[in-house]
Amino acid sequence: MLRIQLTSQREDFDRGSRTDWKLISSNDVLWEVYVLMRSAAERVLRQLQEHPDSWTRVVSILQNSANTNTKFFALQVLEGVIKYRWNALPVEQREGIKNFISDLIVMLSRDETSFRRERLYVNKLNVILVQVVKHEWPHRWPRFIPDLVAASKSSETLCENCMVILKLLSEEVFDFSRGEMTQQKIKELKNSLNSEFQLIHELCLYVLAVSTRPELTRETLSTLHAFLSWIPLGYIFESTLLETLLNLFPSAAYRNLALKCLTEVASLTCNGDFYNQHFVKLYTVFMVQLQMVLPRGTALATAYEKGSDEDQAFIQNLALFFTAYFKAHITLLEPYVENREALLAGLDCLIDISYVEETELFKVCLDYWNFFVGDLYQSECSMIDSAVPGLRVNAPIGDGVAAPVPSARKELYKVPLSKLRLLMISRMAKPEEVLIVEDEDGNIVRETMKDNDVLVQYKIMRETLIYLSNLDHADTEEQMISKLALQLNGKEWSWNNLNTLCWAIGSISGSMGEDQENRFLVHVIRDLLNLCEMTRGKDHKAVIASNIMYVVGQYPRFLRAHWKFLKTVVTKLFEFMHETHPGVQDMACDTFLKIVQKCKRKFVQESEPFISELLKALSTTILDLQNHQIHTFYEAVGYMIQAETDPQKREELNAEHAYCGPVCGYQRWSEIINQARTSVDFLKSPEVVRAILNILQTNTSAASSLGQPFLSQLSLIYLDMLNVYRMYSELISSTIAEGGPYASRSSFVKLLRSVKKETLRLIETFVDKADDVGLIAKQFVPAMMDPILGDYARNVADARESEVLSLFACIINKLKGAMLEEIPRVFKAVFECTLDMITKNFEDYPEHRLKFFSLLRAISNHCFTALFTLSSQQLKLVMDSIVWAFRHTERNVAETGLNLLLELLSNFQTSEFANQFHQTYFLMIVQEIFAVLTDTFHKPGFKLHTLILQHLFCLADSEVLTQPLWDVSALGIGAYPNNAAFVKDYTIKLLTTSFRNMTAAEVTMFVNGAFEAKQDLATFKVHLRDFLVQSKAFSSQDNKELYAEEAAAQREVERQRMLSIPGLIAPNELQDDMTDL
């Protein structure tokens, strides 16, 4: 009725008739009432779900309710009880739930009509049953599998549902068990499934042999797919299972499911060669069957584009099969001539699939190609190293060393590898450095947002192409030069073709020998410059310019070895700096900075250094650049000056650098300060404020590259800069005092604060880069104490700059013990006022949070004894603030707080105040660490939680603490034999109270186990993970953060591997001394 009224009114309004606004208003009220009623209903349901006894009504609801939503709500309540409180229920209640769910599933699944009608309901019941099975099977429900298999033979629909249950069980145990169950429970369930799989295997074979129901056959294949990854290989190869799957593959109804099963088999490996011939037969028979489905020569990219969903899924599954089989067993096919045709046909098919324009499918193919060429490269290395130790694959040959003979593997794959190089060149992803892109409308624009997926894809493609280049530099060079020639003659000219080619050329930097690289790059850059000259149109030129800049920026070794070429390239970059097409200037400045960082000495080594010429023409060069581009330019020039080894020449260049630029040099600063001395109000002009901000930002850029030599520039402006800082701070405070809190958000106040922030960044940058610690302590720190530190204390909260905290953290980290006498003053100025700002909630002043705790950490590390001067109230405030930090949901803040706590504990352990400190704070820390350890919001801190608990347990069981940790006045001196016994007892009581779903025996076993494992960090960590799973603290969560440390170790191993392969880590990413050649 309501919908009819609203529709009628809309039609009347469209006809121009008078609208009944009163009725519309009443409808709005009805909607508001509906929203309120719905919110109230949700609140009631949530309270009901949280009620500890609500699950006792589930059976009644499921038996009597006809509403599906009500049943699902009841099952949700029941699922929560099974997951979190199952072991705490009496035996008879557990048995009752188990039998009720089992009988209900059988009843609904036995009949075809009810099974199809209630399919969603049955699926949810299946999930509930599997949750029960995870607790009960095998010890308390030993006949679960035999009973399930026996029930399957009574009805085809029941058999279909039993297959679903078996699949869910396999997934729960083998796919989703990590973080859900303890390691012991996982092992137990896996062993049980293995031991009873014969019954499941026989059932599946029976169904596939005799069933005529497509639904049952498909569900059986789906179940097999879940089991095939872990069952013993005998069940596959010593039965008719594999033959059955291969026979089902050509059938359109079962093709994709059968192919998924074959893919699982293809990915299996075994120790020894017992089943090798079976894997070979699998591939050869499959290729024969594939010809029936997909005739050779089929254009797969076109077939995918025009095909149905099933056809597209088939091509995706085909790619998965090939990649899985080749990754595990390609070496089984290589030795035999009769298998090579099928092998090469499969590789060709996978290359064709790789041209399909579907991102996820290409990722699958790319992942394998990366593995394939990496494995081939490593095998070539092994073979060559055994023949000529130390000679790398396809290395330049000289000094009487004969070229190594290519291996049989390399010769076998010569044609596929060449096709693969063409694929990588044609589909190369965009690197991060390229800022000019083609938008959806075909226009060339500046990139506004980075695509992380594309960057990851580029990294993998670059690595793959590096391997391909190392395997055959000549073919790589030939293909790239040929593609570039097609761009020059216009036969394949397009933005995309040129882009992918140049991105590929840039990506192989460092993989060739130096002579070959020189020859190749001279050819490439010459052709690109010619292409730029002969091409008309701003968009075309912008694309070519971006590619030239990208390519030259990737080859610093070449540029260092060819000064004239380097000078030509830099001159060309200066031309691009005057090109106003979006993105070109940014990329020119970024490329200039990158080249200078790697070739800086070349610019100061000539008899008439290039740097001198550059400084003379600097004003002209930067004329068309925007401020942020000028800052990048000045940073690059700073690197050049810093590379001058003669102190006198460097100082002369530095002075010239300081005065260069009418807008951002010292000359402009002097003009502003001189006018300010005449009238202070001159500094209040927004234009002047912006000019000061630009000068400071330019100086920060210069300081970041110059380091200690920037001292002469900073000394010229330092005191005047502090005076400007003080004046602007007072102006901000008065504006906020007069205008209230909203005044702090005005554009003028924000501009003034930007000057203050940049002043602090400039000083911090210099302090961080400087070498003369004594000079900083004597000349710079005393002068800033009142203008900066005192100003922070005096200011209102909204006017305090977080950069003050990071500046003093940087100063303390740099000066270390030399700042000890100043720490009380720092505490007085920033501690209480900052805590008052950040502890009211977790949202306000986000920038102050991390920087405040970084400052505390610097004090703890370098001026620890300063904490001894604090009163007990002040120290408690410090400890409370640390607890507040690691409770924070912001990862960086919590991690800083945990690191600070760990360092503080280590420092206090060796101090004279060890007993006093730990008697006061030991138990509080244990309680708070367990609180965050079991909180899912703090999973990233697991590594540090583990280290802190290990430290505390080891400390309690050591002789470091000579005084009892318990309250002697209340319990007596003999209440516990030692501190370790007390801490065990305290922890058991704490956890028993916190986790009602765990029995006292389970908690006691965990605590005793933790103390036993405390000396071995790896064992201690596993023990804690199992506790988190057992307590259900992290159930049904993504628990990868609990394994972050292991993942970091794997990344380091991977980096070491990449370092061993020429070009795999780009020259620009290598940290070396860049000796100029």
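Helices here are DSSP runs of H or I with at least four residues, strands are runs of E with at least two, and both are numbered from the N terminus.

Before going on, I noted that this is a predicted model, in which local features need pLDDT of at least 70 and side-chain atom pairs count only at pLDDT 80 or more, while totals for chains, interfaces and linings use all residues. Residues are numbered from 1 along each chain as its sequence is written, and side-chain values use heavy atoms, with hydrogens and water left out.

**The whole chain**

I looked up the secondary structure and found 51 helices and 2 strands in the protein chain. Of its 1077 residues, 52% are buried, a word that stands for under 20% relative accessible area, with exposed meaning over 50% and partly exposed in between (1.4 Å probe, protein chains only). Among contacts with a separation of 6 or more, 74% are between residues 24 or more positions apart; a contact has heavy atoms within 4.5 Å.

**Helix H24**

I then returned to H24, which covers residues 473–488 and so has 16 residues, reaching 23 Å from its first C-alpha to its last, close to the 22 Å expected at 1.5 Å a residue. That expected span is 1.5 Å times one less than the number of residues. At the start of the helix, I noted that a side-chain oxygen of Asp472 comes to within 3.2 Å of the backbone nitrogen of Ala474. The buried residues of H24 include Met480, Ile481 and Leu484, and also Asp475, Glu477 and Lys483. What do they pack against? I found helix H22 (414–426), helix H23 (452–471), helix H25 (495–507) and helix H26 (514–534).

**Salt bridges**

My search of the whole structure gave 51 salt bridges, each one a side-chain nitrogen of Lys or Arg within 4 Å of a carboxyl oxygen of Asp or Glu. In one of them, the side chains of Glu136 and Arg94 meet at 3.8 Å, N to O. Because Glu136 lies in helix H7 (residues 119–136) and Arg94 in helix H5 (residues 91–110), the pair ties together parts that are 42 residues apart in sequence. Glu136 is buried at 2% relative accessible area, and Arg94 is buried as well, at 9%.

I next followed Glu112, which meets Arg116 in a salt bridge at 3.0 Å, N to O. Arg116 and Glu112 are 4 residues apart in helix H6 (residues 112–117), and therefore separated by about one helical turn. Glu112 also meets Arg213 in a salt bridge, at 3.1 Å, N to O. This pair links distant parts of the chain, with Arg213 in the loop between helix H11 (197–210) and helix H12 (214–227), 101 residues from Glu112 in H6. Glu112 counts as partly exposed at 33% relative accessibility, whereas Arg213 is buried at 17%.

I also recorded a network of salt bridges whose members include Arg753, Glu758, Arg761, Asp791 and Lys851.

**Cysteines and a serine**

How many disulfides are there in the whole structure? I found 0, taking a disulfide as a pair of cysteine sulfur atoms within 2.5 Å. For Cys349, the nearest cysteine sulfur, that of Cys365, is 9.4 Å away. Cys349 is buried at 11% relative accessible area, and Cys589 is buried at 1%.

Last, I looked up Ser881, which lies in helix H43 (residues 872–887) and is buried at 2% relative accessibility. Leaving aside its neighbours within four places in sequence, Ser881 is in contact with Phe831, Leu835, Phe852, Phe853 and Leu856.

Key. Polar contact = N/O pair within 3.5 Å; in protein donor to acceptor, adjacent residues only side chain to side chain.
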